[in-house]
Structure formats: structure tokens, C-alpha cells
Amino acid sequence: MDNLDLLVKELCKHPQETQWIEFKHNNCDPRMIGEDISALANSAVLAEKNHAYMIWGIDDSSHEIIGTKVNLKNERKGAQELENWLRYLLSKNADFSFNSVDVDGKHVEIIIISKAIGLPVTFEKIDYIRSGSYTKKLIEFPSLQSQLWERLRQEQFEDAFAKINLTLQDVTNLLSLDVYFQILNLPIPTETSTLSHYLLQEGLIYKQDNGLFAITNLGAILFARDLSIFQRIGRKTIRIVQYEGNNRLTILKEDELHQGYVLCFESAVKTVNTMLPSKEDVNSVRRKTSSPFPLPAIREAIANALIHQDFFITGAGPLIEIFNNRIEITNPGTPLIDILRIVDNPPKSRNEKLASLMRRLEMCEELGRGWDRMIITCEEHQLPAPRIQIYQESTKVAIFASTAFANISSEDKIWAIYLHACLKYIEGDALTNGSLRKRFGLKETYSGSISRMIKDCVAKNLLKPVDPHTAPRYMRYIPIWG
């Protein structure tokens, strides 16, 4: 961060410690720091500040700059570096950085702490707050607790500030905005007032009380020339890794796209496409190669990962991993809807403004049809259905290359059958033995095998017959919720 010495001098002008400033001399107890980071991040919300600060090298009473022996980046807790230890015990929405600066020849250490977003910041699963110059457990102050939750509910990630105190020229230097006007077929403004009007209306920037501008997280995540410039979202870059074979033993290629999503989305899709294993069509008059993976499904899976990720989980961003037999796309956060209703459920996103703007910019399907398109594309190519795996703090979607029916696992077959029934149902139709054979590209001799798998799905409470009393050969099935 620039001008740290000026920041320190300004903060020292405060007559006393506040909800969002803590002064230290040499006390560097790790547990105290963890509790203070939680308290200061939460108190910054109540104080309507974007950042809070812990500063070493300041006299607690006079606020005179006296210097410190502390060096945060060298401090340890047991065998661990202090920063890693703190990040492990603080909640995932804790965002802070260690900084050093010399002020008038005296060494000063600063932790710059972003305000809590979405949820209170906790340390060892306990949330703290500042009461005067003391750090206390939030639960001890019910009125402050309710005020904090009310403020957090009103604030969305997209609206928070990624960078503040900027001129409009600074904004255009940090954001690449021509693409916004090009995609929407609008003339690129030549007047600054017209440009600021569009950016303010879209929520990409915010005009501060001092007349300067702040870039919102929405503006930065979509249009940043370089995401690493923005501290909170700097790790939300798209990372692409290609492996040799079907495991993670050997990395062949690795790429990280540092631009905002609007700028690098097409590049991500093209980069993945160039890394995909391909084969040459020897029967074609002209030399032509084909990919075993359907590009429309990959495109939708990448767009979904960007839109539905949980930005409050710091230190992790969208990850695309390419193997010979599959592509895995992982995003921070878990789905907001039951994955069994992934096809028919109305669209729901934790990042509504991001999703809305990305749809207007034609980066993804309208009306939540992305998953429908992914499944339909895989069915048209007679591929295994896209697999969804949910972990504690992330979601992984796998898209598979062509696989012989006998080599598809029983679990993946049942999932594909269930999704096929969902698609049929929303089309006003129903699953049949014949429709499933067509979906997997199987001959009529597989009718018995298909019937047994349908029975397995019924037994697992995934499907139900439309008319349980009809003759077996005419049986039709719909999802259990139909």
C-alpha cells in the first residue's frame, strides 16, 4: 500500500484509540492479535469504515511514534508463520495484510484489516468486538450484536469498495471499460460526466463524500486490468492447470488469468479448448481435429463457477483442471439450492448483481438455463452426465469425455438417469426405457439392463412411475418431486 507513512501519521492524530484503531508498542502475542483482528473487522462495520488498523511502534497514551522491535512477517506461533496460523484460526471472510514502514527513521508495523462482509469475522469460532479501547466477545453486547448483523445484511459483496479515493482518470487506468460499451453496442463516452453516469448506474464505482470515487468489488472483479492490484479480490483470478493422464501427478501446463472476468472469460474458454486432448478425423477430406469434450458445456460450467462462487471465502478462486478423461471446475462456496433440483429450480445466486450484469454482457445463459444446456449437450454427445461434488467450502463440477457404457460407474449412471428424467419432465415428457437407450447410445438388447437401473433409481427414491399399473413395456417415469 502506498503512502503508509502518511497513513500512520494521520491515524496517530486521533486523540484516543477508536473502534477501528489499535496502537501497540512491542506486544505481539499471537492470540491477542487474532482476537483483535476479529474485533476490529467487526467494529469497522459499525464505524462505517472500510478498514481497521493495528499499529506497532506507537505510544499507547501519547500516540507518539517510538518504533518497535516487532517484525510481523518473521513472527511465529510454534512451528508456523504467524500469518498462516492466524488465517487458519480466523474465519474465511477475514481479510488482512502485514505491512512495514519507516516513519521519521522509526520502524513501524501495521496490520490493515478489511471490514467484515457477509458475516462477523471470528477467531477460533468466536466473534469479538471493540468496546472503547478493549476487545470483548460480541455475545456480551447484545445491542451491538444486533446492530452488526443488521449492517451486514444490508451490505452485499458487490457493493463493498475494492479501492477508494480515486479520480475518474485513476478509475479508467485500473479498469478496462471499453469492452462494456462494445458488448452493449453503446458509443464509448468522450465526456467524463457521461462515463461516470454509466459506471455509477451499474454500481461499478461509487462517488464518495469527498468528490473522489471508489471502485466497487463488482467493478473490479469484472473489469480490472489486473486483479492483483485489488487486495481483497486479488486471489479470485481464474487458474487453469493441465495434467498428464488422469491424475494430478504431473502438471503439463499452468496458466493464471489476472484480468477481470469480462476481459478474460473468452480467453479462459479458448485456453481450456487449446489444452483439451484432441484427435484427428482420418475420414475427413481436409485435416480436422475434434475434442472429446463439448465446448458449450465447458463454457457454461466456467460461467457458473464465476457467478456462484462465494467471494467471502478468501484465498481461493475458480480452478479449472484438465485431465485426459475429464475436466474439473472448482469454485469456492457451496450451492444455494438442492442439487437434486438443479434443473428445474428458479435461478438463485449469492451474487445477484454480478450474475445480472454477466448475463447482460452475454457471458452466460439467461434465466438459469446454464445447467439445462450443460446436461442437454452431454446427452447429445452420449457422454456421462456432469457430476457435482460438494465439499465443506467448495463445489466441483466434472465434465467427462466419451466413456463406454460398461465403464461408467453405477453412481454416475444413476445420476445421468435422474437428470434425464428431469429434462424430460420440464419438457412435458417422461423417461422411458427407449429414451434412456437413446440417451446412452445403446441397442435394444440393453433393455433389461436399463430396466434394472430404472428400478434402482425408483428404490433410491429418485424416480416414480407416471402410472404404476400400466404394462411394464409402457412404463414412463418422472422425478420423485414431479
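The briefing below takes up a helix, a strand and a loop residue in turn.

This is a predicted model, in which local features need pLDDT of at least 70 and side-chain atom pairs count only at pLDDT 80 or more, while totals for chains, interfaces and linings use all residues. Residues are numbered from 1 along each chain as its sequence is written, and side-chain values use heavy atoms, with hydrogens and water left out. Helices (H or I, at least four residues) and strands (E, at least two) are DSSP runs, numbered from the N terminus.

**Helix α13**

- Of the 17 residues of α13, 13 are buried, so this helix is largely enclosed by the rest of the structure; buried means under 20% relative accessible area, exposed over 50% and partly exposed in between, with a 1.4 Å probe and protein chains only.
- The end C-alpha atoms of α13 are 25 Å apart, in agreement with the 24 Å that its 17 residues should span at 1.5 Å a residue, where the expected span is 1.5 Å times one less than the number of residues.
- The axes of α13 (residues 410-426) and α15 (residues 447-459) come within 10 Å and cross at roughly 80°, which makes α13 roughly perpendicular to α15 (a term for angles of 65 to 115 degrees).
- Lys413, Ile414 and Ile417 of α13 make the contact with Met453, Asp456 and Cys457 of α15, contact meaning heavy atoms within 4.5 Å.
- Glycine 428, which has a positive phi near 80°, follows α13.

**Strand β18 and its partners**

- Seven of the seven residues of β18 (residues 326-332) are buried, with Arg326, Glu328, Thr330 and Pro332 pointing one way from the strand and Ile327, Ile329 and Asn331 the other way.
- β18 pairs with β17 (residues 319-322) in the antiparallel sense over four bridges, and these two strands form a hairpin with three residues between them; two strands pair if DSSP finds at least two bridges between them.
- Within this pairing, glutamate 328 in β18 is the bridge partner of glutamate 321.
- β18 also runs antiparallel to β20 (residues 394-400), to which seven bridges join it, and arginine 326 stands opposite phenylalanine 400 in β20.

**Isoleucine 66**

- Isoleucine 66 lies in the loop between β2 (51-56) and β3 (76-77) and is partly exposed, with a relative accessible area of 32%.
- Not counting residues up to four places away in sequence, isoleucine 66 touches His25, Gly57, Ile58, Asp59 and Lys106.
- Isoleucine 66 and lysine 106 are 40 residues apart in sequence, yet 6.5 Å apart in space, C-alpha to C-alpha.

Key: Axes fitted to C-alpha atoms, helices over the stretch in contact; angles between N-to-C directions. Parallel < 35°, antiparallel > 145°, perpendicular 65-115°, else oblique.
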